[in-house]
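Dear colleague,

I am passing on the structure below, followed by some notes on two neighbouring topics in it. Please read the notes with the coordinates open.

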Amino acid sequence: MGKKKSAALVVGAGISGIRAALDLAETGCGVTLIERSGHTGGILSQLDYQFPSNHCGMCKMLPVVDRDAGSQFCLRKGVVHENIEILLATELISLEGEAGNFTATLSQNPGPVDPGRCIGCGRCVEVCPVEKPDQFNAGLSLQKAIYLPVPHAIPNTYMIDLSVCTQCNECGKICPTGAISLLEEKRKDFRILVVDDELIVRDSIKLWLADEGFSVDMADSGPKALELLSKGAYHLMLLDIKMPGMDGIKVLKKARKDFPELCVILMTAYATIETAVEAMKIGALDYLVKPFEPEAMIPRVIKLYQELELKNQLKIEVGAVILCGGTSYFDPGSGKNTFGYGINPNVLTSLEFERLLSGTGPQQDLNSSSNQRYFIRPSDGKPIKKVAWLQCVGSRNLQTEADFCSSVCCMHAIKEALLAKEKFCAPTGEEIEAAIFYSDMRTFGKSFQQYKDQAETDHGVRFERGLVHSLFPDKLSKDIITRWVDIQGKSHEETFDLAILSVGQRPALKTAELSKMLGISVNKWGFCETEPHSLTKTNKPGIFIGGSFGGLKDIADSNISAGAAALEASRTIHISDKGPTIIPKKLPLTRNILRELPRIQVVICTCSETFVKADDLSDIIEHLESYPEVEKVAVLDRVCTSLGLDELIEITDKNQPNRILIGACMPCVYSWKPREIGHKLRLDPALIEVIDIYSRVMDLPDNSAHETRIIMENSLKMGIARLRRIDPDPVKGVKIRQKALIVGGGIAGVTAALAIADHGFQVDLVEQKEKLGGNLNWLLRTVEGFATRPLLDEIMAKVVKHPCIITHNSSRIVSSHGQVGNFTSIIEDMDAGVQTIKHGVTILATGGTEAPVTSYNYGSSKYIITQKELEQKLAGNSSDDAVDPNRMETIIMIQCVGSREKPRNYCSRICCQASLKHALLLKDNNPAINIFIFYRDIMTYGFAEQYYTRARKAGIVFIPYDIDNKPQVKVCDDGVSVFAFEPIVGRQVKITADLLVLAGGIIPTLGQELASIFGISLDENQFFKEAESKFRPLDSIKEGVFGCGLSLGPRSIPESIASAKAAAQRALRILSHEEMPSGKITAKIHQSLCVLCEKCITACPYGARLLDHDLGKILINPIMCQGCGTCATVCPSSASFLAGYQDQQMFDIIDAAMEGIFN
Amino acid sequence: MESAIKQKPAFLPDPLAPVCKMLQACIQCGTCTASCVNSFAMDQTPRRLWRMVIMGQKDEVFRSKTFALCSSCYYCTLRCPRGLPLTEAMAALKQIAAKEKIASCKSGTLFYTSFLESVRCHGRVSEMEFMTHYFIRMKNPVAPFKYTSLGMRLLSKGKIAIPLTKKKKGPGSLKALFRKVAELEQLS
């Protein structure tokens, strides 16, 4: 497969970027994934545990069908997919063109270490003399100037922090593969012009720079400088501001105009700093204040030189751009810093605490030892017993200009508290005490509420409703003293060992520059702004946003919005005729070797003779060649280079082996060469094995030739043992019916239908009601004030006339069976009768509805209504039934009616926003109206917080109530009276009102019956149960069935739309291919041994097996099978086995590993 | 104890309305109460007082001495996460109490007027004169006795100056300033 033009550019390789890139790549789109830092994974590379499982789970994002197209190892270690090109240390610097046909200019800054040569041996770290705070561990530990950006990436290339590097080149000298070049020898070519009217200044600068090896010229005046500039190409100009005649500013202006590439550093005396700052706006890069020492100037020049010299630009053509830049954190040390962050070492941020908990964190030695499970304070080593979390640091705070909720910190704090309790104990053996200080506990997501309840009741995490304004250290012990007032007004003082600040989010670094360059708008807090009703569309067509770049999302929501952005990008690419095309998956053409005996070509790469000399290999070669199936052993130098690869192809072309074993260094194993080689040789890539023979040799002392030989030889012999017995059967494909069935015609269903149909695939849209539109038929507007009617009209117009969409109104699903790619469903249409539909995927968009209300005397008075009824009554114009705000004096709203308590123990997420929307509307129409809202926690997550603030400012009174002490409602003739306890005033209050509005929450309409028809499961609240709540939020465990919209859980209109698009993209991964290859490693059956006990069917976690009664056989769907091997372990007669891991093969491998060690 | 929330009829100007406006964005986080240096002496915590203002419980608000005890240290204003002008709100309540001549606030109002009268005349507080003024205006012969022990202690430490028989004339007086302020207030 040749190199493709990229169809899409994904900027940022955090969790959203990876999701968007994988979602596109799996449909056959070529993706370029760029990342500014030196590793993929974004913030999640620093966060080891995710709730609710308190594990990682990132690997669940890996491709499930056509697994072999990508890597199948821990996703935190790296992303590999045949359609994704990853460029690290790369930034987007300009974008030209229009949607479908962009030209992106990327700037790559790979640094002085060559990733192709670095083998990660770490010898450079031992010799590096410079230490700096470790960014990965949030500055809690130290690392060298040459460092690994993350400890776990594969391959892991070292990087040099040029801002602290002293250029001593010790690392360059010791590097065994010559991967480090600090570029000193090339400094001659870097030309610098020094412009100053004083000879002594010129001379000394020239001397200093010449000592460093640069070429320096001098000019004594402005005109002279310009003359020299026009004659020869200079890279850098050091320019004095105050000069007689033509001053520095004039020279700068002229130079910027004529030589835009030239870098200028100004030299200025103290008096003219302001001028220098002004000059930087014109285009100077930096300024130096005279007089300066060489130590002040040289590092800056060198850093600039490194950046210029190492940066290379490349242009790529893409159809669409997805921005997944993530967010950054609020710096609690900025501003008033009332918590003493950075001053008191026992005040940490949530990220720092997460690093402390981590097995790769600054306390890793401590964490890994099993006998001591204390958690010690980094500042003084005191074992920690009590920890406090302070919420809303830098969020929901008008003083730090953050009138938004950061959405994730509440759950993050609970998770950290539980992790601390689970992993550590106090020295006395007691549990660690954890207290969380909060103002609203925002448990608005799926399963959040249960998690919080468990933390509180089962694990004893204390939740204190109260804001701690400042922290004081105890003078002696440096413990943290907190003061707060509880809801009753009682003051408390308590001492903690450690205080954790749940810092809020801020726009990602350089968001302003990027958005300005791209011409996309940002909101008032600097986050990228999206279009109404969309979480992904920017104001520029063809540029989309995934994840929290558009503001404040957790992992699941980031994944969903990234999937939606991928869909939008895919649609843009698909409908543009100019743009790059999508290449559908084809099974590789391979030579038939079924009838051939194994002939293994062994290749040993010497890796520039770093570890062994080629001559020393003769023993090994001789030994290996004694194996009958080993054709020949070849020794190559650096097989990873294109030269080495050509040599390899040449050898194998001549010998025509049917299996190839390559022994090389670790980076080579993961760099995806087998596919390239396989394509060239028409050999199944699965028959080419690359093994790491050097990692274990690296740590051996120098004089251990014998051990080196044994290790290398055994590694190779294990490879031979595996290849000898490998099943040469080529992978099977499954034909895909490129058609989708979508159940439910609400906004999610129609959005998904349109998304798939726009890609040219047939869609059957089944709706049980006579009209499409679902809840949007009665919803009028969103809390942002956007009308929903135009949205519905616009999308309906498209659906109705779309040639690929067949709608079945007033229809229901009778049955459905089959597996991914081949489903058969029967639908019963009220008009057309029964129809059979064959389709490849199913999307369930069955929606939800307002939960029936039974409490608060609902139904006994016309003055008690639900929020849904209020929305409808506000629309009614003249009827008696309508609510006229001008005839109302007082309205009461009660939140969480039936929600967040058993049996519906989940937050419905949107009721708070709905109530605020109505309250603000009523208040707008009649400012004199009194509105009281009874609430438990106001769940205005993200930017919806501003409506909460607005409501408060508008004079709406919010009264918190306790679940054990709910408001009491009494019905009167002309209204209702509500009796409730006002905890702040501390007494019972009675409010009489003209209207009581109850927020009833959302229940799904999916139902057990439909779920079992499609073979999916429901969660405890009857919502669609996803394969994994964070990393696969839209898939069911049964591949090919996806959920979206309210069927997944309560969500707003934009969130429903995003989930529908993301689900459509998940479906398109399958629909885009006529045939889907299975994974190489899948379960198979010796049918003759099978007794049809069906144990494997129940054991299979992926539902890939079924019993065919007609054939009397167990059948395995090879693309659903994930090769986990569970079936092989439960099979009583060893009939079920895993191809690629057969018993005899494994025994051979073990034998090979042990050989030479015991005898 | 139960109290009915009165729905204020829109046409009657509520004296608390301007204060209510200042406080509406309050989220009842309690930072003000936790920060208040005088809260130990207050019958209602600041947060509760704001709540009462918002809920229109005028009688309860003015029955409380909380606002009179505010020493304008501005801690609460500085710290309020909503950035509300809480010290100003306290001052506004003092002014309303004085303007509306609310009986329950008489003592506090008189205290402040006496204090300011002394400042107006001398440009600083003359403690003895201020206390005398206050006791006379209180029209309560028993009142001074309550302060006797405190007064003695202050006197012994030289915290209370014995008034000179001849008042110094001249730059100390702030009468002109007070006049101008009163004029401006009338204009606005």
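Two residues are taken to be in contact if their C-beta atoms, placed from the backbone, lie within 7 Å. This is a predicted model, in which local features need pLDDT of at least 70 and side-chain atom pairs count only at pLDDT 80 or more, while totals for chains, interfaces and linings use all residues. Residues are numbered from 1 along each chain as its sequence is written, and chains are lettered from A and ligands numbered from 1 in the order in which they are written.

Helices (DSSP runs of H or I, at least four residues, numbered from the N terminus) are the subject here. Helix H7 of chain B, residues 106–122, reaches 24 Å from its first C-alpha to its last, close to the 24 Å expected for its 17 residues at 1.5 Å a residue, the expected span being 1.5 Å times one less than the number of residues. Its buried residues are B:Thr109, B:Ser114 and B:Ser118, where buried means that 20 or more other C-beta atoms lie within 10 Å of a residue's own, placed from the backbone. They lie on the same side of H7(B), because they cover an arc of only 165° around the axis, the arc being that of the directions from the helix axis to the C-beta atoms. Helix H6 (86–99) and helix H8 (127–138) of chain B are among what covers them. Just after H7(B), B:Gly123 takes a positive phi of about 75°.

In H6(B), the buried residues include B:Leu86, B:Met90 and B:Leu93, and just after this helix B:Lys101 has a positive phi of about 50°.

Best wishes

Notes
Helices (H or I, at least four residues) and strands (E, at least two) are DSSP runs, numbered from the N terminus. A residue is buried if 20 or more other C-beta atoms lie within 10 Å of its own, exposed if 12 or fewer, and partly exposed in between; C-beta atoms are placed from the backbone.
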